Amino acid sequence: MFSNCAGDDVMNESILERVNKCKRTFMLSELVDLQRVQSVRMPNGVNFCVTQVSGVVVYGDLDQFAPFMDKYMTYLESKQ
C-alpha cells in the first residue's frame, strides 16, 4: 500500500492525483478501496479511522473526513 507520509518520495503528486481520480479509492494514511470499507469511525477530535474488510485500520486527518465521506457516499449511491 502507498504511504502519504511527509518526506516520502514514493508518493508523488502524479500518483496522488491518479488515486484521487479513481472512483473507488481515497488516500488517507494508506490507500483505501471504497468497495472494501467495513466501518468508518467518526472523528474523535484528533483523527478518524476506516476499517477495511481485511481488518486493516486506516487513519485520516480531521480535514480529510468531509472529502472522504463525500466520495464514499457518492460511491455507495452509485451502487443503488
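Analyst: Let's start with a term: a residue is buried under 20% relative accessible area, exposed over 50% and partly exposed in between (1.4 Å probe, protein chains only). This is a predicted model, where local features need pLDDT of at least 70, side-chain atom pairs count only at pLDDT 80 or more, and totals for chains, interfaces and linings use all residues. Residues are numbered from 1 along each chain as its sequence is written, and side-chain values use heavy atoms, with hydrogens and water left out.

User: Okay, what share of the chain's residues count as buried?

Analyst: Of the 80 residues, 30% do. F68 is one of them, with a relative accessible area of 0%. F26, at 10%, is buried too, and so is Y72, at 12%.

User: How do I get an overview of the fold? Which pattern does the chain follow along the sequence?

Analyst: Helices (H or I, at least four residues) and strands (E, at least two) are DSSP runs, numbered from the N terminus. Here you get 2 helices and 5 strands, and they run α-β-β-β-β-β-α.

User: And the sheet: what order do its strands have?

Analyst: Strands of a sheet pair through backbone hydrogen bonds, either parallel or antiparallel. Two strands count as paired if DSSP finds at least two bridges between them. In this chain, an open sheet of 3 strands is ordered β3-β4-β5, and the pairing is antiparallel. β3 (37-41) and β5 (57-61) are the edge strands, each pairing on one side only. Zoom in on β4 (residues 47-52): 5 bridges join this strand to β5, in the antiparallel sense. F48 has G60 in β5 as its bridge partner.

User: Now the rings. How many aromatic pairs are there?

Analyst: Rings of Phe, Tyr and Trp (its six-membered ring) pair if their centres lie within 6.5 Å; planes under 30 degrees apart are stacked, over 60 edge-to-face, and the rest tilted. That rule gives 4 aromatic pairs. Take F26 and F68: their ring centres are 5.4 Å apart and the planes sit at 85°, so this pair is edge-to-face. It links distant parts of the chain, with F26 in strand β1 (residues 25-27) and F68 in helix α2 (residues 62-78), 42 residues apart.

User: Why does the pair of F68 and Y72 count as stacked?

Analyst: Because the planes of F68 and Y72 are at 15°, with the ring centres 5.8 Å apart. Both residues lie in helix α2, 4 residues apart, about one turn of the helix.

User: Which residues form the aromatic cluster?

Analyst: F26, F48, F65, F68 and Y72 form one cluster.
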